[in-house]
Amino acid sequence: MNSYFLPAAKPISRLIEELHKLPGIGPKTAQRLAYHLLQAPPEKSRDLADAILGIKENLRLCSVCLNITDSDPCGICSDETRDGMKICVVEEPIDIMPLERTRKFRGLYHVLHGVISPSDGIKPEDLRIKELLDRLGSNSVTEVILATNPNVEGEATSMYIQRLITPLGIRVTRLARGLPFGGDLEYADDVTLSRALEGRQEM
Amino acid sequence: MTSRVYQTEAIIIKRHKFGEADRLITLFTSDFGKVRAIAKGAMRPKSKLGGNVELLSYSQLMLARGRNLDIITQAQAIDNFLPIRDSLELMSAGFYLTELVDAFTEENVEDRELFSLFLNTLKEMAGSSDMERALRYFELRLLSHMGYRPQLQKCANCSRQLEPEANYYSPHQGGALCRECGYPDMSARTISVNALKVLRLWLKCDYATACRVKLTADLSREIKNLMRENIRYLLEKQLKSIEWMDRLNSEQKNHA
């Protein structure tokens with residue numbers, strides 16, 4: 001065990017060490033969390049432990065959109081009020097959450113589980129692109145919205161998918177790339193500003 | 001260099017996630033060669049670094065010396081090579097170039113000549129130059145500059161003057177071989193008179209002159225394979241982005 005955590009009793013230092021492995025949790029935060037849990041009532045700890053175990057035991061991928069879900073098809077895919085003619089393609093399951101928060105999109109999703117990254121050797125067949133094409137073949141989809149991240153890998157992935165879908169006669173759109181709300185022109189980079197100018201809209 | 005803060009121009013050749021929103025960036029700088037640095041918060045949407053430290057950006061940077069890694073404090077893009085970014089083919093070549101530069105360089109070794117070769121190649125590619133030609137010229141000049149200049153005047157084995165006929169080429173021997181030496185050498189492949197002429201010229205001319213050479217599809221392919229084999233021999237591995245480039249290429253052909 002890491003000598004860094006030794007002054008605490010063994011179970012506590014074990015907990016601190018585990019918490020410390022989580023993203024964004026430094027040694028101090030880990031200590032604070034551990035001592036907080038120590039003082040919390042036992043059922044709280046049990047709830048937390050259950051919740052952590054629960055994500056491993058009950059979750060799988062939705063057979064339609066490949067989002068992480070506890071029911072198949074997932075809540076979004078089985079929601080009949082949603083527009084099945086539009087599919088929004090995202091890199092990771094976590095990308096669905098911010099899009100859902102906007103409440104602007106009422107279509108369905110498709111999770112690629114990664115991006116094409118030539119320098120890491122990640123190829124199109126390592127992603128769930130085939131599943132997307134299968135969906136497009138069998139359903140009456142009219143628009144595919146590419147919502148990969150606006151970085152080089154995301155762009156490459158989008159351009160590649162666009163190339164595959166266009167021959168099918170389905171409309172392919174890309175999320176606009178522009179200025180972040182609350183941002184500052186002065187700090188915007190040239191690519192973002194160029195795209196923002198290209199994509200300017202009538203007021 | 002005692003100052004805690006320094007400025008330099010750089011092309012971003014590699015980047016990795018680092019912690020939650022930071023990026024570990026590999027820069028090829030004009031003044032200090034290859035440098036690794038942290039771009040704090042570069043993955044947040046409002047980061048003022050973000051788009052200026054994206055792969056292949058050519059940026060003016062300010063860095064602060066850290067204990068292990070330096071930290072990028074300011075970044076202003078000089079050229080983002082938008083035409084490269086807008087094309088899947090050009091971007092795949094861009095991935096290849098960054099991988100190539102990364103593989104052939106050591107950290108903290110100043111190399112202005114390579115920097116300007118790299119920069120010019122990107123400019124040419126962004127400026128509607130023939131991509132394959134720009135890549136081949138870059139590869140050849142890179143080899144030559146890094147000390148692997150192929151011997152193309154005489155036989156690399158017996159030093160005899162090469163006859164104007166199809167000869168052999170061996171990365172292992174470091175250049176062209178005459179017929180007698182090349183034939184028994186299993187690692188050697190044939191090289192046409194024209195390919196030999198083109199490579200000889202490119203080794204001593206600038207890119208503008210290199211563009212005047214007419215390349216047939218066959219000749220272009222021959223030079224591509226020669227260079228590729230040579231690079232693979234020197235690095236003792238195939239670069240990962242090559243597979244992607246080839247794949248796009250063949251899919252494009254099938255499509256057409």
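B:Phe28 and B:Phe115 are both buried; buried means under 20% relative accessible area, exposed over 50% and partly exposed in between, with a 1.4 Å probe and protein chains only. The structure is a predicted model, in which local features need pLDDT of at least 70, side-chain atom pairs count only at pLDDT 80 or more, and totals for chains, interfaces and linings use all residues. Residues are numbered from 1 along each chain as its sequence is written, chains are lettered from A and ligands numbered from 1 in the order in which they are written, and side-chain values use heavy atoms, with hydrogens and water left out.

## Aromatic pairs

Rings of Phe, Tyr and Trp (its six-membered ring) pair if their centres lie within 6.5 Å; planes under 30 degrees apart count as stacked, over 60 as edge-to-face and the rest as tilted. By this rule there are nine aromatic pairs over all chains. Two of them are set out below.

| Pair | Centre to centre | Angle between planes | Class |
|---|---|---|---|
| B:Phe28 and B:Phe115 | 6.3 Å | 20° | stacked |
| B:Phe118 and B:Phe138 | 6.0 Å | 50° | tilted |

Helices (H or I, at least four residues) and strands (E, at least two) are DSSP runs, numbered from the N terminus. B:Phe118 lies in helix H3 of chain B and B:Phe138 in helix H4 of chain B, so this pair ties together parts that are 20 residues apart in sequence. B:Phe118 is buried, with a relative accessible area of 0%, and B:Phe138 counts as buried at 0% relative accessibility. Ring pairs also link B:Phe28, B:Tyr58 and B:Phe115 into a cluster.

A ring of chain A takes part in another arrangement. The charged end of B:Lys48 sits over the ring of A:Tyr187, 5.8 Å from its centre; this requires NZ of Lys or CZ of Arg within 6 Å of the ring centre and within 35 degrees of the ring normal.

## Nonpolar cores

In soluble globular proteins, nonpolar side chains tend to be buried together. A nonpolar core is a set of buried Ala, Val, Leu, Ile, Met, Phe, Trp, Tyr and Cys residues joined through side-chain atoms within 4.5 Å. The largest nonpolar core has 80 residues, and those with the most contacts inside it are B:Leu27, B:Val53, B:Ile72, B:Ile84, B:Phe118 and B:Phe138. Helix H2 (residues 88-104) of chain B gives the most to this core, with nine residues. A second, separate core of 20 residues includes A:Leu146, A:Ala156, A:Ile165 and B:Leu88.

Contact means heavy atoms within 4.5 Å. Not counting residues up to four places away in sequence, B:Phe118 touches B:Ile11, B:Ile13, B:Phe28, B:Leu97, B:Thr98, B:Val101 and B:Phe138. B:Arg136 is placed in helix H4 (residues 131-148) of chain B and counts as buried at 4% relative accessibility. Beyond four places in sequence, B:Arg136 touches B:Trp202, B:Ile223, B:Lys224 and B:Met227.

## Strand pairing in chain B

Two strands pair if DSSP finds at least two bridges between them. E2(B) and E3(B) run antiparallel and are joined by seven bridges, forming a hairpin with three residues between them. Within this pairing, B:Leu27 has B:Val35 in E3(B) as its bridge partner. E3(B) also pairs with strand E5 (residues 70-79) of chain B, in the parallel sense over two bridges, and B:Ile38 stands opposite B:Ile71 in E5(B). Six of the seven residues of strand E3 (residues 33-39) of chain B are buried, so this strand is largely enclosed by the rest of the structure.

## The sheet of chain A

In chain A, four strands form an open sheet in the order E4-E3-E5-E6, with parallel pairing. Strand E4 (107-111) and strand E6 (171-174) of chain A are the edge strands, each pairing on one side only. E5(A) and E6(A) pair in the parallel sense over four bridges, and the bridge partner of A:Val144 in E6(A) is A:Val172. H6(A) packs on the sheet and touches E3, E5 and E6 of chain A, its direction making about 170° with that of E6(A); axes are lines fitted to C-alpha atoms, for helices over the stretch in contact, and angles run from 0 to 180 degrees between N-to-C directions.

A:Ala147 lies in the loop between strand E5 (143-146) and helix H6 (152-165) of chain A, and counts as buried at 8% relative accessibility. Leaving aside neighbours within four places in sequence, A:Ala147 is in contact with A:Cys88, A:Val89, A:Val90, A:Leu99, A:Arg174 and A:Leu175.
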